[in-house]
Amino acid sequence: MKKLLFLTVLFLSGLNLAFAGNDLSLLESAKNKGMTIYWDSLSESGMIEKNGHQVSFRSGEQIVILDSIKMMLTDAPELKGNQIFVSQKFLNDSEQFFNQKSEMPFKVGAILIDAGHGGKDPGALKTFKVNGKSITVKEKDVNLKVAKMLYELLHNAYPQKQIILTRNSDKFLSLGERTDIANNVKVGENEAVLFISVHVNSSLNKNSSGYEVWYLSPGYRRTVLDKSVAEDKTLFDIMNIMTEEEYTRESVMIAKFIMDGLQTQIGKESTARGIRAEEWFVVKNSNMPAVLIELGFVSNEKEALLLNDDKYLKKATLGIYNGIAAFVTHFERLQGFTAVK
């Protein structure tokens, strides 16, 4: 799991958040220096990428996170209007870090696949008559089929990573048990865990259709770091917020990659409803990047029959797999890898 190295030099009282000579546009400077910028206007936080390294920052904060595991103290970036401005020191410090050779590359150590519902909890279900025969489509069955196919694809592609199913049979698991499994996965200090939850939708409107990918609402606050590693509460709060925002950015990126993968594989057979934010239990209680996928509506007869078709589910599963693989490639990019924009 992500473990930040709290540097003793930073345990200072009253960090000075004064803006020192912030007269350089980060966007323009990044273009000139070959950096890629990611910015979340809601949380006023962002990430800079270059040469396989990451610098995560927040407007008004002097502490930045390096490659998700170390911290650095530099001049605080400043939000002016709709643009981020930085000092020459901020750019120099970032550039010096980007030019370092990575000795311990950060990578995805485990991918946890959660097949929603199961056992006594069927999830959404609907019965239709096709050619005089009754067909009942149960969410728990669809979820498990897709989860197991996804497991096989990921296990074959990444034999060195932990690929974990919360359930591999028609078994009931509480929501708490699912997140406990995720939060107790053991990985190295330079490794991350991804949480992918598979579901099927339903609506009172029988015409509702399409697939969605959800991530945790950026406004939801949670504790994602271990308080035992921090000696300073103020510093811990800052670091927790920055790490939490980093998880959100990564979750949004995973959601976008998966949505792209689903659109490519499914085509016009169903509708892409986009990526959305919500405070689902398994997402908000998983201390890692996490997304929840709704594959379609069992309440829509046409779509329910697609969800009952193994060929269609294989397409959907391949779309999810391609999205995860694209994120892993991006996340584990080699030195000089050009980030996806």
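This is a predicted model: local features need pLDDT of at least 70, side-chain atom pairs count only at pLDDT 80 or more; totals for chains, interfaces and linings use all residues.
**Entry 1: α3 against α8**

I started with helix α3 (residues 139-157) and helix α8 (residues 310-331), whose axes come within 9 Å and cross at roughly 45°. That angle makes α3 oblique to α8. My labels: under 35 degrees counts as roughly parallel, over 145 as roughly antiparallel, 65 to 115 as roughly perpendicular, and the rest as oblique. Axes here are lines fitted to C-alpha atoms, for helices over the stretch in contact, and angles run from 0 to 180 degrees between N-to-C directions. Helices (H or I, at least four residues) and strands (E, at least two) are DSSP runs, numbered from the N terminus.

Residues are numbered from 1 along each chain as its sequence is written, and side-chain values use heavy atoms, with hydrogens and water left out.

I checked the handedness too: α3 passes α8 in a right-handed crossing. The convention is that a crossing is left-handed if the near helix is turned anticlockwise from the far one by less than a right angle, and right-handed if clockwise.

Which residues of α3 and α8 meet? On the α3 side I list Val142, Lys145, Val146, Met149, Leu150, Leu153, Leu154 and Ala157. On the α8 side they meet Asp310, Leu313, Lys314, Thr317, Leu318, Ile320, Tyr321 and Ile324. Contact means heavy atoms within 4.5 Å. By class, the contact of α3 with α8 divides into 12 nonpolar, 1 polar and 3 charged residues. For the classes, Ala, Val, Leu, Ile, Met, Phe, Trp, Tyr, Cys and Pro count as nonpolar, Asp, Glu, Lys and Arg as charged, and the others, Gly among them, as polar.

**Entry 2: the sheet of 5 strands**

Next I traced an open sheet of 5 strands, in the order β2-β3-β4-β5-β6, with antiparallel pairing. Two strands pair if DSSP finds at least two bridges between them. β2 (36-40) and β6 (70-73) are at the edges with a single partner strand each, so one side of each has no neighbour in the sheet. On average, neighbouring strands of this sheet are turned by 25° against each other, direction ignored.

Ile37 has Ile48 in β3 as its bridge partner.

What lies across β3, β4 (53-58), β5 (63-66) and β6? I found helix α2 (residues 88-98) there, running at about 150° to β4.

I count a salt bridge when a side-chain nitrogen of Lys or Arg is within 4 Å of a carboxyl oxygen of Asp or Glu. The structure holds 11 salt bridges.

Glu95 turned up again in the contact with helix α1, where Leu26, Ser29 and Lys33 in α1 meet Phe90, Leu91 and Glu95 in α2. That contact has 3 nonpolar, 1 polar and 2 charged residues. Helix α1 (residues 26-33) and α2 pack at about 35°, with their axes 12 Å apart, and α1 passes α2 in a right-handed crossing.

**Entry 3: the sheet of 3 strands**

I also found an open sheet of 3 strands, order β1-β8-β7, with antiparallel pairing. β1 (24-25) and β7 (78-80) are the edge strands, each pairing on one side only. β7 is joined to strand β8 (residues 83-86) by 3 bridges, and Glu78 has Phe85 in β8 as its bridge partner.

**Entry 4: hairpin and positive phi**

Last, strand β10 (residues 125-130) and strand β11 (residues 133-138) pair antiparallel over 6 bridges. Leu125 has Lys138 in β11 as its bridge partner. The two strands form a hairpin with 2 residues between them.

Where is the positive phi in this hairpin? I found Asn131 in the turn, with phi of about 55°. His117 also has a positive phi, near 65°, in a residue other than glycine; His117 is in the loop between β9 (107-115) and β10.
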